[in-house]
Amino acid sequence: MDEAPSTAAGAASNHWLERIARATGHDAPALRDDFLGYLYKRLGRSLGAEPFYRFRAFAYTVADRLMLDWQQTWNAYQREPLRKAYFLSMEFLIGRSLGNALLNLGAEEAGRHALEELGQVLEELEAVEPDAGLGNGGLGRLAACMLDSCATQRLPVLGYGLRYNYGMFRQIIREGWQIEEPDHWLKNGAFPWETPRPEYTRIVRFGGRTHHYVDPHTGWLYVHWDHDEEVQAVPYDVPVPGYRNGYVATLRLWSSSAPEEFNLSKFNEGDYYEAVDAKNAAENITLVLYPNDASASGKELRLRQHYFLASACAQDVIQQWVAANGPDFKRFAEFNVFQINDTHPSFLVPELIRLFIDEHHLGWEEAWEIVTHCLAYTNHTLLPEALETWPAAMVQRVLPRIYEIIAEIDRRFALLVHAKWPNEPERHARMAILSDDGQVRMAHLAVVGSFSVNGVSALHGKLLVSSVFRDHAALWPQKFHAKTNGVTPRRWLAQCNPALSALIDETLGDPGWRTDALRLQALEAYADDAEFRRRWREIKQHNKARLAQRVLHAAGIEFPLEAMFDVQVKRIHEYKRQLLNVLHLIHLYDRIKRGDAAEWTPRCALFAGKAAPGYAMAKKIVKLINDVAHIIALDPDVAPLLKVAFLPDYGVSTLECIAPATELSEQIPTLGKEASGTGNMKLMMNGALTIGTLDGANLELYEAVGAEAFFSFGPRFDEMGALRAPHDPDQLLAEDEDLRRALALLESGHFNPFDPHLYDDVLAALKNPHDPWLVLADFRSYAEAQRRAAQTYRDPELWTRLSIRNTARSGIFSADRTVREYNEAIWRLHPVELQESQLQAHGRGART
């Protein structure tokens with residue numbers, strides 16, 4: 001949004017905004033007229049146009065209402081100095097925006113009626129909108145939920161991310177294999193919710209060399225980065241509306257471009273490809289989310305992405321500060337705090353140092369003091385491969401000045417560690433930012449440069465200080481803490497499950513749970529009401545029917561509605577253990593085939609998720625799921641009792657259909673590998689019961705709902721040490737006939753008759769005594785938990801009571817609670833005060 005206006009200009013601006021707001025109502029006639037105006041005048045189409053154009057016209061109509069609130073919010077920032085937070089994330093998985101905007105504006109019914117007057121259906125237009133290709137999994141969805149909650153609490157938090165031209169990929173399943181196709185989510189034109197802000201373009205530099213010289217007059221040492229390449233970071237701002245409070249936060253997304261579109265001289269010489277080389281190289285930085293880093297060039301592109309984000313954000317914040325305060329940074333840390341969402345944006349540490357020292361001529365100690373008082377780091381993983389390291393030689397070549405700063409940070413940190421532990425070289429090596437094997441450890445850089453380091457569940461916080469950052473926690477115990485993730489109940493209950501939301505509103509007589517999810521606890525009092533339970537089940541069946549239709553259309557598998565909907569939806573990874581789930585389904589298939597189906601619970605098992613393009617084992621697991629689903633679908637003996645399907649191209653809008661229909665939520669990671677998880681919370685909020693290990697936030701779900709409503713299996717955290725020792729697969733197979741028979745089916749090629757050795761590598765991994773994912777070791781315990789879940793499901797009244805309990809106790813997993821905890825412990829922000837006249841002027845009703 002705009003920089004601070006002068007006092008006179010600001011008063012005039014507010015006057016005209018109020019007049020425009022009165023003419024831009026939220027009632028049906030106003031929405032209808034503006035929709036027609038955009039459709040006919042701007043887009044040159046009619047009511048019979050393609051659905052995309054009708055969606056676009058209505059999106060512009062709704063965006064107008066957000067724009068007014070957005071400008072007023074930004075004006076409120078300027079009335080007095082505010083401490084602000086900046087949330088940096090490589091992903092913001094915002095999904096579709098139209099339904100969320102209408103919900104938060106309080107204009108859902110008005111929008112629906114406006115369109116109905118014209119023979120249009122709101123849900124059909126919502127379905128046309130593509131999911132924004134700005135994220136992949138839980139990290140990005142958490143970031144989106146956090147921004148939504150910040151806006152709802154009117155906290156001055158700005159999101160910073162990248163505007164990818166293509167999402168991670170569009171997943172196609174062909175003959176059971178995952179095929180990746182480009183996810184060109186912007187192919188039909190610009191994102192209707194964004195506002196380009198080219199006037200705030202920043203320049204990011206790469207390559208070259210550095211020159212050090214001393215000013216003969218002052219004696220100061222200066223460094224000049226003689227770079228080889230400049231890339232423009234062009235911002236596109238996306239509004240993030242709070243829930244019916246007139247407040248709109250900003251998500252600023254950076255797009256990369258070359259300073260010059262093409263080299264005209266080269267073009268005129270006939271060298272057409274070289275003429276656009278620089279343009280293509282620059283645009284590659286934000287071309288695609290998570291380029292495959294299996295090659296050296298792919299790894300370098302990721303490195304450039306990460307630095308590009310950090311540099312653009314750091315420059316943006318500092319230039320805003322200088323515009324308002326001049327080049328005085330004494331109070332910078334008092335008014336600014338950066339939240340690094342996982343390790344990707346960790347280059348922010350040296351980039352801020354570079355800007356303070358090289359551009360604004362602060363001394364090292366002053367710059368370091370500022371940086372280490374305004375940076376906070378959230379760790380999201382315990383997996384070593386996700387903690388990110390870069391080859392030092394690559395960093396030195398691509399970012400020579402940044403490498404020098406990292407090396408100096410490492411040198412000074414080594415002195416600190418040596419002073420604390422003078423005779424422990426092994427500890428020094430473990431803690432170093434620059435490792436002995438020539439790697440830059442980005443997680444260590446983030447920890448050293450931050451005043452706060454948090455895990456994302458209570459258990460994850462304990463594991464960080466006992467394993468991954470054990471030495472750093474011994475040095476700085478005050479830095480480390482945990483903030484359990486959360487999800488917004490507005491999207492993940494109110495928007496995606498409108499029938500259940502209406503029942504909750506009617507029952508509680510109060511819609512306030514949308515902003516105070518702890519009010520859902522009052523639902524427990526109705527769990528013994530037979531009529532309430534009947535209506536609860538009726539809504540679940542309606543949602544199951546909607547999902548079953550989607551599965552039939554996308555996967556060709558018919559799901560009977562009387563079966564239990566057993567769902568595992570998340571990215572495909574060995575630690576997530578889709579393989580354990582498949583192995584159990586093979587066991588169930590074997591039971592049916594051998595006639596052991598007495599007291600059977602019909603089950604529909606649904607999988608969805610993407611495997612990283614370079615992750616061969618994950619892609620093999622996708623193939624196995626589809627092969628098992630295919631054989632089961634072909635067998636008339638099995639079909640009435642067991643169905644399996646893989647739903648392709650999983651995303652936010654897919655989960656909005658899945659979550660309301662899920663009955664059994666599969667949260668089964670290897671203990672000690674899952675930091676938190678948020679899918680578990682979304683499904684719980686919609687009344688699903690969970691089967692899972694007591695890992696990450698699962699432990700807190702278990703404690704919230706009790707053992708009766710959470711089918712736990714496997715060891716607890718305090719028993720985990722024994723599992724680190726090798727186990728004996730042969731002994732496990734000898735002692736468990738069910739496991740032995742399931743593996744025998746897999747070994748025989750039963751599910752892959754035309755390629756009998758296809759799964760040899762999967763079998764070898766399962767039978768490895770050092771298998772880190774413990775699939776065979778946990779099979780028996782998992783099968784027993786599944787048996788308990790099936791038995792409970794056969795008692796529909798009990799299952800419904802437990803389903804109600806899950807929703808009622810899900811309030812503690814609201815992102816609103818998460819944001820409050822971040823704010824109290826880390827950000828220390830005050831809510832932005834909006835003027836009462838401003839709220840009244842924004843329609844919330846009739847036009848004048």
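Strands β21 (689-692) and β22 (710-712) are joined by three bridges in the parallel sense. Thr690 has Phe710 of β22 as its bridge partner. The model is a predicted one, in which local features need pLDDT of at least 70, side-chain atom pairs count only at pLDDT 80 or more, and totals for chains, interfaces and linings use all residues. Residues are numbered from 1 along each chain as its sequence is written, and side-chain values use heavy atoms, with hydrogens and water left out. Strands (E, at least two residues) and helices (H or I, at least four) are DSSP runs numbered from the N terminus, and two strands pair if DSSP finds at least two bridges between them.

The pair belongs to an open sheet of six strands, ordered β19-β18-β17-β20-β21-β22, with parallel pairing. β19 (642-647) and β22 are the edge strands, each pairing on one side only. On average, neighbouring strands of this sheet are turned by 20 degrees against each other, direction ignored. Axes here are lines fitted to C-alpha atoms, for helices over the stretch in contact (heavy atoms within 4.5 Å); angles run from 0 to 180 degrees between N-to-C directions.

Two helices lie across strands of the sheet. Helix α24 (578-593) lies across β17, β18, β19 and β20, at about 155 degrees to β18. Helix α25 (616-634) lies across β18 and β19, at about 140 degrees to β19.

Helix α28 (698-705) is largely enclosed by the rest of the structure, because seven of its eight residues are buried (under 20% relative accessible area, 1.4 Å probe, protein chains only). Among them are Asn698, Glu700 and Tyr702. The buried residues of α28 pack against β20, β21 and β22, and also against α19, α27 and α34. Just after α28, Gly706 takes a positive phi of about 90 degrees.

His444 sits in helix α18 (442-449) and counts as buried because its relative accessibility is 11%. A polar atom of the His444 side chain lies 3.0 Å from the backbone oxygen of Ala432. Leaving aside residues up to four places away in sequence, His444 touches Arg430, Met431, Ala432, Ile433, Phe469 and His472.

Conventions:
Buried < 20%, exposed > 50% of the residue type's maximum accessible area, 1.4 Å probe, protein only. Polar contact = N/O pair within 3.5 Å; in protein donor to acceptor, adjacent residues only side chain to side chain.
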